[in-house]
Amino acid sequence: MPKNSPKLPDPDENPDADVVIYDGQCNFCTSQVSNLRRLDWGGSRLTYLSLHDKRVADRYPDLQYDDLMKQMYVVDRDGGRHGGADAVRYLTRRLPTIWIAAPILHIPGSAGLWRWMYNQVAKRRYKIAGKSCENDACEIHFKQ
């Protein structure tokens with residue numbers, strides 16, 4: 001998280017909330033997660049884990065590291081997995097503060113376009129906003 005950002009809700013503190021799994025070493029990603037936190041009025045619908053947190057591999061062994069590096073995931077309360085643009089679309093139904101975006105993101109036949117656009121941003125996220133890795137651990141992603 002960027003410096004001076006409020007602490008994010010942890011899944012251990014609210015096991016009934018959905019879990020947003022994001023790249024905690026990506027400045028763009030942490031900024032977007034901060035925005036999500038603000039949009040979750042009451043802070044009870046979403047909790048957050050960086051994909052680099054050991055608990056992710058322990059709790060969600062079906063989510064592979066390479067897939068997590070390509071897109072964020074939301075694991076809903078029922079255990080469903082929503083990745084990338086589908087996660088964003090899911091969140092428009094989950095958070096009342098962003099329901100306004102739902103109609104455009106759910107236009108029939110538009111899912112492929114949203115996935116393509118999400119992937120374009122995701123694979124350039126370190127170039128867009130930088131990284132916060134120690135010892136240049138993320139350098140490989142600047143070559144994309």
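Predicted model: local features only at pLDDT ≥ 70, side-chain atom pairs only at ≥ 80, totals over all residues.
Biologist: In what order do the elements of the protein chain run from the N terminus?
Modeller: The chain has seven helices and four strands. Helices (H or I, at least four residues) and strands (E, at least two) are DSSP runs, numbered from the N terminus. The order is β-α-β-α-α-β-β-α-α-α-α.

Biologist: What percentage of the 144 residues counts as buried?
Modeller: Buried means under 20% relative accessible area, exposed over 50%, and partly exposed in between (1.4 Å probe, protein chains only). By that cut-off, the buried share of the 144 residues is 42%.

Biologist: Among contacts between residues at least 6 apart in sequence, what percentage joins residues at least 24 apart?
Modeller: Contact means heavy atoms within 4.5 Å. Among the contacts at least 6 apart, the share joining residues at least 24 apart is 60%.

Biologist: Is Asp 10 buried or exposed?
Modeller: Asp 10 sits in the segment before strand S1 (18-22). Beyond four places in sequence, Asp 10 touches Thr 47, Tyr 48 and Arg 55. Its relative accessible area is 15%, so Asp 10 is buried.

Biologist: Which backbone nitrogen lies 2.8 Å from a polar atom of the Asp 10 side chain?
Modeller: A polar contact is a pair of N or O atoms within 3.5 Å; within protein, one must be able to donate a hydrogen and the other to accept it, and residues adjacent in sequence count only if both atoms are side-chain atoms. The backbone nitrogen at 2.8 Å from the Asp 10 side chain belongs to Asp 12.

Biologist: How far apart are the C-alpha atoms of Leu 68 and Val 56?
Modeller: Leu 68 is in helix H3 (residues 65-70) and is buried at 5% relative accessible area. Leaving aside neighbours within four places, its contacts are Ile 21, Leu 51, Val 56, Leu 63 and Tyr 73. Leu 68 and Val 56 are twelve residues apart along the chain, and their C-alpha atoms are separated by 9.8 Å.

Biologist: Which side chain makes a polar contact of 2.8 Å with the side chain of His 82?
Modeller: His 82 is in strand S4 (residues 81-83) and is buried, with a relative accessible area of 17%. Not counting residues up to four places away, His 82 touches Met 72, Tyr 73, Val 74, Asp 76, Ala 87 and Tyr 90. The polar contact of 2.8 Å is with Asp 76.

Biologist: What separates the C-alpha atoms of Gly 84 and Gln 71?
Modeller: Gly 84 lies in the loop between S4 and H4 and counts as buried at 0% relative accessibility. Outside four places in sequence, Gly 84 touches Gln 71, Met 72 and Tyr 118. Gly 84 and Gln 71 are 13 residues apart along the chain, yet their C-alpha atoms are separated by 4.8 Å.

Biologist: How many residues of H4 are buried?
Modeller: H4 is mostly covered. Its buried residues are Ala 85, Ala 87, Arg 89, Tyr 90, Leu 91, Thr 92 and Arg 94. Of the ten residues in H4, the buried number is seven.

Biologist: Which residues of H6 make the contact with H4?
Modeller: Helix H4 (residues 85-94) and helix H6 (residues 111-122) pack at about 115°, with axes 8 Å apart. H4 and H6 are therefore roughly perpendicular. From H4 come Ala 85, Asp 86, Val 88 and Arg 89; from H6 come Ala 111, Trp 114, Arg 115 and Tyr 118.

Biologist: How are the angle and its classes defined?
Modeller: Axes are lines fitted to C-alpha atoms, for helices over the stretch in contact, and angles run from 0 to 180 degrees between N-to-C directions.

Technical notes:
Residues numbered from 1 in each chain as written. Heavy atoms only, no water. Parallel < 35°, antiparallel > 145°, perpendicular 65-115°, else oblique.
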